[in-house]
Amino acid sequence: METNGGIMCTIEISIDAWTNGSVWKGLYLLLVLETLRLGQLSRKRKKEERKKQRTEVKKEEIIDVSAPRASRRRVSTQLPGSVDPALLDLDSETPRRTRHSRKKSIDETMVGAVTPNETVEAPAEPPAPVMAAEKGIVALPTQAGTHTTTVGEHVVHTISAQELDEHEGLDDAALREHEEVTKVKNVAFLELGAYQMETWYFSPLPKELLSEQGYTEVLYVCEFTFSMFARKNELQRFQARLPSQSRHPPGNEIYRKGNLAMFEVDGFEERIYCQNLCYIAKLFLDHKTLYFDVDPFLFYVLCEVDERGFHPVGYYSKEKYSDVGYNLACILTFPCHQRKGYGRFLIAFSYELTKKEEKVGSPEKPMSDLGQQAYKPYWASTIVDFLRNEVPDSSSLSIMDISKMTSIMAEDIVFTLNQLGLLKIINGVYFIAAEEGLLSTLAKKYPVKDPRVDPSCLHWTPYATDVKRDKFSIHSKKPNLAADENRGSGGFP
């Protein structure tokens with residue numbers, strides 16, 4: 001009864017307090033304290049979950065970070081009265097994968113086959129020569145698995161193919177931060193000439209072109225000057241005042257064949273044009289940081305020519321002088337003109353200029369996923385075509401000979417031979433195992449496609465620099481095979 005009396009007493013007191021409002025204050029205070037306690041527990045729980053996730057990532061198994069990500073190619077729509085949409089047939093895109101979702105065993109990438117008469121031995125680590133690239137010598141990576149076979153008295157090692165990593169130099173945290181930033185777009189569509197294209201990435205455009213929220217639905221661009229506008233009527237008024245003789249990129253026209261023309265634009269002389277081009281290119285390129293400092297670069301703009309003028313379809317840029325032998329810094333074919341061979345044409349054109357300079361060159365690395373998809377077939381078709389049709393004496397051929405004739409850097413040739421399964425190690429010596437039947441098969445898989453660069457239509461002289469000695473000149477490379485054999489490299493520098 002004492003308990004019941006206590007309860008009754010409490011109830012009576014609470015009813016009295018209810019009337020004067022003190023209970024409301026007490027309940028409100030309790031509610032605030034409970035809310036703060038729950039919020040603190042929630043924050044603590046989330047913090048523990050994030051810490052647990054970071055710990056799991058550190059303990060994660062070995063991941064193959066070398067596989068390129070799937071290309072994020074979008075569909076381009078065509079405006080009325082423009083080119084036939086059939087020309088824009090694009091392959092269906094594959095879902096984007098981050099570096100953390102690409103787990104692939106090295107054993108699955110082994111290259112080479114074993115004949116019935118061959119016996120397979122345990123994988124052995126072949127000797128890796130330590131060589132300097134500036135002396136014309138190639139260092140072959142041997143950290144990946146190798147396939148070892150014995151043929152008669154010889155031990156043959158087949159090097160597993162290596163992949164390029166577009167995220168080289170980025171740790172896990174930096175990679176996550178990069179993907180978090182670049183997945184947010186500030187422009188939905190880009191209208192260039194007769195085409196309207198969906199953009200892929202964020203671009204740091206001037207704020208005058210964006211709304212107060214930092215976003216615009218359509219960015220309108222003049223295809224002749226790359227001037228950008230937020231409204232279509234502004235673009236129409238601008239082009240109405242544009243002289244007919246100015247309907248082409250600035251700079252010098254250095255190539256013309258059929259309906260294709262190439263213009264060389266100096267970033268120092270045409271800063272605004274080149275900066276706008278970089279802004280536009282960033283909408284379709286993941287890793288691009290060049291926006292303002294365009295003075296040290298030359299831009300090569302590829303155009304289709306008709307009665308209305310010169311319509312840009314793609315471009316690439318290169319440094320006026322590169323300390324590491326790069327002949328291409330950035331390359332882009334606009335999505336509305338992809339699947340027409342223009343990317344391969346731009347790559348071939350960059351090597352044609354390198355031949356004019358009497359040098360060897362390579363694209364800037366690490367390459368993007370789209371860059372890898374363009375360069376690997378080009379290297380393969382060029383090298384296979386050279387081995388089939390232009391080799392005078394295959395018994396005395398070195399990698400440096402191929403490099404001199406094609407202007408492809410020796411490291412890229414070794415990488416391609418690895419990809420094709422043509423590079424083998426016999427008794428510790430590197431050899432190109434290129435049989436006629438295998439070359440014919442590879443030639444069908446990697447054909448030399450049109451459009452091709454016609455050197456006779458190229459009117460260009462190398463950019464003058466004050467560098468007296470260039471280590472990437474073909475005249476500084478080793479002259480013949482005998483000197484290589486005397487060094488013990490087996491003829492492969």
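These legends walk you through a few close-up views of a predicted model. Residues are numbered from 1 along each chain as its sequence is written. Local features need pLDDT of at least 70, side-chain atom pairs count only at pLDDT 80 or more, totals for chains, interfaces and linings use all residues, and side-chain values use heavy atoms, with hydrogens and water left out.

View A. Follow the order 9-10-11-12-14, where the pairing is antiparallel. Strands here are DSSP E runs of at least two residues, and helices are H or I runs of at least four, numbered from the N terminus; two strands pair if DSSP finds at least two bridges between them. Strand 9 (252–257) and strand 14 (330–333) are at the edges with a single partner strand each, so one side of each has no neighbour in the sheet.

View B. Look for Tyr316, which stands opposite Ile331 in strand 14.

**View C. Two cis peptide bonds.** Lys365 and Pro366 are joined by a cis peptide bond with omega of about 5 degrees. Pro366 sits in the loop between strand 15 (362–363) and helix 7 (369–389). The bond from Asp450 to Pro451 is also cis, with omega near 0 degrees, and Pro451 belongs to the loop between helix 10 (436–445) and helix 11 (481–486).

**View D. Arg339 and its positive phi.** Although Arg339 is not a glycine, its phi is positive, about 65 degrees. You can find Arg339 in the loop between strand 14 and helix 6 (342–356).
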